[in-house]
Amino acid sequence: MSLKAPRGTNDILPPLSLKWQYVEEKIRELLRVYNYEEIRTPIFEYTELFQRGIGETTDIVEKEMYTFTDKGGRSITLRPEGTAPVVRSFLENKLYGEAQPRKFFYIGPMFRYERPQAGRFRQFHQLGVEALGSNDPALDAEVILLGLNILEKLGLTDLETYINSIGCPKCRADYLEVLKGYLQEHREELCRDCQTRLERNPLRVLDCKNESCSRVVLEAPLIIDYLCDECDEHFNQVKDYLDYLEVKYQVDPTLVRGLDYYTNTAFEIKYRGLGAQDTIFGGGRYNGLAEEIGKKDIPGIGFAIGLERLMITLEEQGIELPVEKGIDLYITTIGDRAKRAAFKYIYHLRKAGLKTEMDYLDRSVRSQMKAADRMNATYTIILGEDELDKGVATIRNMKSGEEVEIKLDKLVEHMSM
RNA sequence: GUGGGUGUAGCUCAGUUGGCUAGAGCGCAGGAUUGUGGCUCCUGAGGCCGUGGGUUCAAGCCCCAUCACCCACCCCA
């Protein structure tokens, strides 16, 4: 028995789990206002969905998926991302038959077989939003705003927003020709990885961090100069909406996404303090995805926030999350009769919404008081034979030390005040 | 998949050139007038020194392998 969680996975224990809850609550509040509704899709899907959706030549599909054959001989994959499943569900349930666009969000674990490092795990959690059924640039802007709003609401600062457009399949094809030509001319200056990328996926050369490659990229033709009229107009409108609301962003012509389904708008929000994995959230438009997996032309846009990275950033920036600690009342008991009585009292107190505890280890009064102190009880009450006989007990305010006599049959009332 | 760093009590760490029953602080449990927390004091529990091999009279210390964690590459959230 190894007693170890698998590599790259984490237990989220209290009090951290309470912080997660708080963050998720805050995010849900905002999603409600933006009118994004929760969708829950399976944790695993048929492997084919991701192969076709994300793209056969992407790193995710080539080497990062948790894929296995189930007992029925089907190839199953633990979801490495949330967009393809949402689009699959949208198509399967024919939600295009309802009023458009539909706006969804999901929160849950994703799985990628990667080497763990700062801000990167094999099981990690994403909050994602997907707006399906409209190609309106206003939605692109809305989604970016929503993401920024979430981070802002949690109190984060010093974030950098980058956007770009990677065009549609038509103009991208033209651009790729030009880019390939250019890179071909500078082939010797590229790193070995990039020389192979040149053939398979030249766009990736653009965000190579190799020094020599970066120099080549500086002079490289840019996709935004090769966008077709339609894509150019789309991108301009997105920027216009963002400018209109005075959102600060930078156009980064080298921003490309690693998943095949992206078209037009692509964006990332980064926090420099995160280390090498500094993207808190990223996303973009994926107008070709529904066609790819379901032969339906349905546009979509969305993003995903890495919740672990979000939590790390909150920690980095010293943001205190107001998580509840402590309990309302601890009942100290002496003897079996008192224990039984206390058991009944906490039942009624809890029904009245009061966070209440008692001793389960038959400890001394002293130890019970210590326990009450350690669990940050606001009040304690001591229950012994005397109190039960008289029906009166002393309730102690643990902060002030002040004690008040109350009737036991009025305990719930007293505590509810 | 590649490279660098790390692995000793629940936590943070100490552990001399390999040599007696492996230590500290914090935390945890109990107690310090018999029914009252925080401060103080006392006592106690808890370690196959990541795991498996090897070298040696002797290994927490040396060698090899392996696993995990951290960091970077790659890629991404």
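Trainee: How many bridges join β7 to β9, and which way do they run?
Mentor: This is a predicted model. In it, six bridges join β7 to strand β9, residues 263-270, and the two run antiparallel. Thr161 stands opposite Ile269 in β9.

Trainee: What about β7 and β8?
Mentor: Strand β8 is residues 250-251, and two bridges join it to β7 in the parallel sense. There, Tyr162 stands opposite Gln250.

Trainee: How many residues of β7 are buried?
Mentor: Five of the six residues in β7 (160-165) are buried, so the strand is largely enclosed by the rest of the structure.

Trainee: Cys168 and Cys231, buried or exposed?
Mentor: Cys168 is buried, with a relative accessible area of 12%. Cys231 is buried too, at 4%.

Trainee: OK, domains. What does the assignment give for chain A?
Mentor: The domain assignment gives domain 1 as 16-168 + 228-316 and domain 2 as 327-416. The C-alpha centres of domain 1 and domain 2 lie 49 Å apart.

Trainee: What is the strand order in the sheet with β13 and β16?
Mentor: That is an open sheet of five strands, ordered β13-β12-β14-β15-β16, with mixed pairing. Its edge strands are β13 (356-358) and β16 (403-407), each of which pairs on one side only. The twist from one strand to the next averages 25°.

Trainee: And how do β15 and β16 pair?
Mentor: Strand β15, residues 392-397, pairs with β16 in the antiparallel sense over five bridges. Thr394 has Glu405 in β16 as its bridge partner.

Trainee: Which strands does α12 touch?
Mentor: Helix α12 (336-351) packs on the sheet and touches β12 (327-333), β13 and β14 (377-383). The direction of α12 makes about 165° with that of β13. Helix α13 (365-374) also packs on the sheet, touching β12, β14 and β15, and its direction makes about 170° with that of β12.

Trainee: How many bridges join β3 to β4?
Mentor: Four, and β3 and β4 (75-78) run antiparallel. Tyr66 stands opposite Leu78 in β4.

Trainee: Last one. At what angle do α1 and α11 pack?
Mentor: Helices α1 (16-33) and α11 (307-316) pack at about 105°, with their axes 11 Å apart. That makes α1 roughly perpendicular to α11.

Trainee: Which residues make that contact?
Mentor: From α1, Leu16, Lys19, Trp20, Val23, Glu24 and Ile27. From α11, Leu307, Glu308, Leu310, Met311, Leu314 and Glu315.

Technical notes. Residues numbered from 1 in each chain as written. Chains lettered and ligands numbered in written order. Predicted model: local features only at pLDDT ≥ 70, side-chain atom pairs only at ≥ 80, totals over all residues. Heavy atoms only, no water. Pairing = 2+ DSSP bridges. Domains from an automatic or database assignment. Axes fitted to C-alpha atoms, helices over the stretch in contact; angles between N-to-C directions. Contact = heavy atoms within 4.5 Å. Buried < 20%, exposed > 50% of the residue type's maximum accessible area, 1.4 Å probe, protein only. Parallel < 35°, antiparallel > 145°, perpendicular 65-115°, else oblique.
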